[in-house]
Amino acid sequence: MAMLKKIIIVLVLLALSGAGFVVYWARQPLAEPATTPIEFTIKPGSGVRSAMRQLHDSGVAAQPTLMEIVIRSLGRASAIKAGSYRLQ
């Protein structure tokens, strides 16, 4: 019984640590302030994974997989729209 309690405590601590990391990461800016804006295009028909890869390939210093996890966990996957964008 004591061993089960320890395992549950460790799992809860790991879950809290992981959640803390995701919250910290999600609050960071997508790009460092730059002298030139970053322009990118999300192609029509792109899903979240593809859109985040296109964003990363355009020079935004963010992890596409983590961005996808955050977007899907917030239920915002349908908010990703095709088009041309500019980050300043």
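Me: Is Gln54 buried or exposed, and what is its relative accessible area?

Reply: Bear in mind that this is a predicted model: local features need pLDDT of at least 70, side-chain atom pairs count only at pLDDT 80 or more, and totals for chains, interfaces and linings use all residues. Residues are numbered from 1 along each chain as its sequence is written, and side-chain values use heavy atoms, leaving out hydrogens and water. Buried is under 20% relative accessible area, exposed is over 50% and partly exposed lies in between, with a 1.4 Å probe and protein chains only. Gln54 counts as buried because its relative accessible area is 13%.

Me: What arc do the buried residues of α2 fall within, seen down its axis?

Reply: The buried set of α2 is Val48, Ala51, Met52, Gln54 and Leu55. The arc is that of the directions from the helix axis to the C-beta atoms. An α-helix has 3.6 residues a turn, so residues three or four places apart point the same way. The buried residues of α2 therefore line one face of the helix, within an arc of 155°.

Me: Which exposed residues sit on the face of α2 turned away from its buried side?

Reply: On the buried side, the cover includes β1, α3 and β2. The face turned away from it carries the exposed residues Arg49 and Asp57.

Me: Where does His56 fall on the accessibility scale?

Reply: His56 is also a residue of α2, which spans 48-57. Leaving out neighbours within four places in sequence, His56 touches Ala62 and Pro64. Its C-alpha atom is 11 Å from that of Glu39, which lies 17 residues away along the chain. With a relative accessibility of 32%, His56 comes out as partly exposed.

Me: What do the buried residues of α3 pack against?

Reply: Buried in α3 are Pro64, Met67, Glu68, Val70 and Ile71. They sit on the same side of α3, because their arc around the axis is only 165°. Their packing partners are α1 (2-26) and α2.

Me: Which residues does Glu68 touch, not counting those up to four places away in sequence?

Reply: Glu68 is in helix α3, residues 64-73. Its relative accessible area is 9%, so Glu68 counts as buried. With those sequence neighbours excluded, Glu68 touches Val48, Arg49 and Met52.

Me: Which residue in β2 is the bridge partner of Phe40?

Reply: Two strands pair if DSSP finds at least two bridges between them. Strands β1 and β2 (residues 83-87) do this in the antiparallel sense, over 5 bridges. Across in β2, the bridge partner of Phe40 is Tyr85.

Me: What is the radius of gyration of the chain?

Reply: The elements run α-β-α-α-β from the N terminus on, and the C-alpha atoms fill a box of roughly 60 × 30 × 15 Å along the principal axes. The radius of gyration is taken over C-alpha atoms, and the globule rule is 2.2 Å times the number of residues to the power 0.38. That rule gives 12 Å for 88 residues, and the chain is well over it, so it is more spread out than a compact globule, with a radius of gyration of 17 Å.

Me: How much of the chain do buried residues make up?

Reply: Among contacts between residues at least 6 apart in sequence, 61% join residues at least 24 apart. Of the 88 residues in the chain, the buried share is 18%.

Technical notes:
Helix = DSSP H or I, 4+ residues; strand = E, 2+ residues; numbered from the N terminus. Contact = heavy atoms within 4.5 Å.
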